[in-house]
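Please keep the sequence and the three-dimensional view at hand while reading.

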Amino acid sequence: MPWTRTFVISQGMRLVTRRRLALVLLLVALGSAVWEVPSAFRSAGRDISDWAGMGPTQRELAPARYAGISGRILLGAARIIPPDTLFAVVTGRPTTRLSPFALLAAPSLSYYWLFPRRHTNDLGQAAWVLSYNKNIDRLGLSYSRVLRLTPDVTVAEVRR
Amino acid sequence: VTRAYAGLLAFDVALLCAGGCVLYGIGLVRDARSALRLAGLAFVVGWATFGVLASLALAAGLAVTVGEALAICALIAGAGFLLGRRVPPAAPTRPHRSAPWARRLAWGAGAMLACYLVALLVKAFVAPADTFWDTWAFWLPKAKAIYFFGGLDTRQGAFASFASPDYPPLLPGMDSTAFHFMGGIHAAALPLQAWVLVSAFFAGAGALLVRRVSPALVWPSLAMIAFMPRAGYYLLSAFADEPLAILLGLSAVCAALWLLDDDPRYAGLCGVFLAGATMLKNEGFLFGLFLTLVLGAVVVFQNRRRWRPAAALVLVPLLTIVPWKIWLATHGQPTSSPYYKFSNLAHPGYLADRAGRLERALSDLPQYLFAPHRWALVVPLALAAAALAFRTRSGLAVLLVGWLAVALLGLATVYWISPVPIGWYIATSAERVVLSMVVVCGLLFPLLLSQASSSREEGVRSTGNVRKRSSGRSQLVGGGG
């Protein structure tokens with residue numbers, strides 16, 4: 001019957017069109033991947049050459065470097081504050097060595113690095129205070145030991 | 001450091017074996033050849049299954065040390081073997097007939113992807129610890145807290161004292177177990193673990209899709225995902241958005257394969273990945289639930305007799321999250337996010353006052369989702385393929401478009417009801433949360449293209465619950481099996 005033949009031909013043509021369109025989409029997908037290949041490999045190569053010479057401690061301290069906090073501070077605090085103690089972190093105003101971003105990141109980074117020491121936000125419970133450019137004399141605590149890690153950062157043992 | 005890598009390798013071998021046994025259990029792996037072909041999928045299945053059970057073990061008070069981790073893997077393996085005695089093997093994958101140029105296309109795209117993974121492997125070996133804020137502000141501190149304090153701990157400075165305490169513990173639990181295997185905290189070794197998961201994902205997604213679709217469609221699509229402009233940033237990261245995209249992407253592929261083939265194995269795998277996504281992040285629960293609801297609607301519309309497995313899948317995210325919510329409630333922790341409370345949806349006045357936030361979210365989110373400088377053309381191409389496939393395979397097209405729409409609305413709702421400043425909230429989270437949506441689009445793209453290039457009769461034949469995988473195979477580029 002003529003109308004059936006027309007229908008079948010039209011269906012077949014639609015299928016061919018759909019297949020062609022699908023092929024176009026596939027080629028666009030592949031093209032978009034190929035387009036990004038040079039920048040993806042360049043970026044990976046850049047990262048590899050930037051990181052290749054780093055030692056194990058430097059690699060572990062990368063978040064501190066990202067935040068603009070000297071690794072010496074975290075390593076020094078870990079050396080002084082005993083494990084299994086509660087410590088608090090206080091921050092003051094920015095300096096030339098401690099940017100506003102570094103001060104924002106300092107508490108979280110210190111908590112991250114100083115495990116298994118536990119942090120507390122309650123100064124009254126803290127056995128140690130790590131101060132990023134904050135005058136610890138104004139915290140209302142007395143200290144048995146105060147050690148300067150850098151000109152801006154102090155670690156102090158609270159007298160109980 | 002060498003010991004750390006050896007420990008990581010041992011952990012990964014245990015996960016691979018556990019996942020392989022799950023695949024044996026559902027009949028996808030029954031010989032060495034299929035085991036090798038599906039090794040990537042086995043690893044991701046092992047990662048997800050172990051992660052869910054380890055999260056439950058943590059909530060039950062365990063620390064998931066090396067011994068406990070091996071016991072969990074043995075439990076998974078034993079369950080897989082027992083299941084395998086009842087479940088018949090799946091039909092083997094039939095080779096696709098393809099034109100020579102199509103084979104070259106598949107090989108070229110696959111080689112491109114493999115070379116990039118090798119470059120990423122080198123990068124992972126020399127990479128430092130992840131510098132992304134969330135990683136060191138709460139993801140890794142939670143892992144360290146589990147490692148040092150013997151599990152989930154609510155004391156000051158322990159697991160519950162970091163940001164987002166309501167997030168399920170799958171990722172911190174996986175990292176702390178990795179630390180146990182490594183014999184100490186080695187955050188700089190975690191990019192290598194992320195690389196293993198990413199490589200397993202690409203291999204596993206490829207192996208799953210090739211069971212139904214021509215390799216000439218599969219490998220260019222996977223290369224498109226790997227080479228998205230922002231992919232390089234996420235692929236080796238230590239936060240949960242990348243594994244979430246992997247698990248949601250694979251659950252969407254399995255849901256689509258179940259929709260097309262009516263093979264319950266795929267529904268089972270979909271459930272495993274959904275459970276993993278649920279225990280990774282709050283978005284995993286939300287997106288997973290939406291996926292199962294849209295899948296259920298499509299299935300019921302197409303064939304009401306298939307409602308039971310669809311209903312069971314809807315229950316997966318709901319039941320998986322219950323033990324975690326019980327742990328939160330019984331340990332005095334907030335059971336929902338401080339950033340949003342869904343109970344606010346019941347307060348019309350609150351919502352009306354914030355209508356501008358909804359408008360802002362609905363206008364900003366699509367910009368993140370469609371951004372070519374972030375995700376190339378993945379989403380527009382998937383939507384175009386869905387439009388093309390709608391005629392022959394409306395269910396698959398509706399699954400993708402419906403889920404995308406619902407997920408986008410769900411995200412916009414979260415931004416709407418949140419009390420935090422919307423500009424900051426969107427700027428710090430939108431790119432990460434749309435990553436899963438983009439990966440789902442990229443993974444369903446070859447299936448949609450395959451359906452678009454098959455005739456309507458072939459499409460209908462393959463849905464008719466006849467379980468003939470080959471009937472609806474790609475007709476594009478000479479496929480047809």
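In which helix of chain B is V272(B) found? V272(B) is found in helix α12 of chain B, which runs over residues 264-280. The model under discussion is a predicted one. The points below begin with chain B, turn to its interface with chain A, and end with a pair of strands in chain A.

**Chain B as a whole**
- Chain B contains 21 helices and zero strands.
- Along its principal axes, the C-alpha trace of chain B spans about 65 × 55 × 40 Å.
- The radius of gyration of chain B is 22 Å; this agrees with a compact globule, because one of 481 residues would have a value near 23 Å.

**The surroundings of V272(B)**
- V272(B) and V45(B) are separated by 227 residues in sequence, yet their C-alpha atoms are 7.2 Å apart in space.
- When neighbours within four places in sequence are left aside, V272(B) is in contact with V45(B), A48(B) and T49(B).

**The interface of chain B and chain A: extent**
- At this interface, 62 residues of chain B are in contact with 49 residues of chain A.
- The two chains bury about 4700 Å² between them, and carbon and sulfur atoms give 73% of this area.
- Of the area that chain B buries against chain A, W133(B), W136(B) and Q156(B) supply 15%, more than any other three residues.

**The interface of chain B and chain A: polar and charged pairs**
- There are 15 residue pairs in polar contact across the interface.
- One salt bridge is found across the interface of chain B and chain A.
- D47(A) forms a salt bridge with K123(B), and their closest N and O atoms are 3.0 Å apart.

**The side of chain B that touches chain A**
- Several helices of chain B each supply at least two residues of this side, among them α5 (100-126), α6 (133-149) and α20 (422-452).
- The largest share comes from α5(B), which supplies 12 residues.
- By class, this side of chain B has 45 nonpolar, 10 polar and seven charged residues.

**A strand pair in chain A**
- Strand β4 (residues 143-150) and strand β5 (residues 153-158) of chain A pair in the antiparallel sense over six bridges.
- β4(A) and β5(A) form a hairpin, with two residues between them.
- T150(A) has V153(A), in β5(A), as its bridge partner.
- In a regular strand, the side chains alternate between the two faces of the sheet.

Technical notes
Residues are numbered from 1 along each chain as its sequence is written. Chains are lettered from A and ligands numbered from 1 in the order in which they are written. This is a predicted model: local features need pLDDT of at least 70, side-chain atom pairs count only at pLDDT 80 or more; totals for chains, interfaces and linings use all residues. Side-chain values use heavy atoms; hydrogens and water are left out. Two strands pair if DSSP finds at least two bridges between them. Helices (H or I, at least four residues) and strands (E, at least two) are DSSP runs, numbered from the N terminus. Contact means heavy atoms within 4.5 Å. Buried area is the accessible area (1.4 Å probe) that two parts lose on being put together, summed over both. A salt bridge is a side-chain nitrogen of Lys or Arg within 4 Å of a carboxyl oxygen of Asp or Glu. A polar contact is a pair of N or O atoms within 3.5 Å; within protein, one must be able to donate a hydrogen and the other to accept it, and residues adjacent in sequence count only if both atoms are side-chain atoms. Ala, Val, Leu, Ile, Met, Phe, Trp, Tyr, Cys and Pro count as nonpolar, Asp, Glu, Lys and Arg as charged, and the others, Gly among them, as polar. The radius of gyration is taken over C-alpha atoms; the globule rule is 2.2 Å times the number of residues to the power 0.38.
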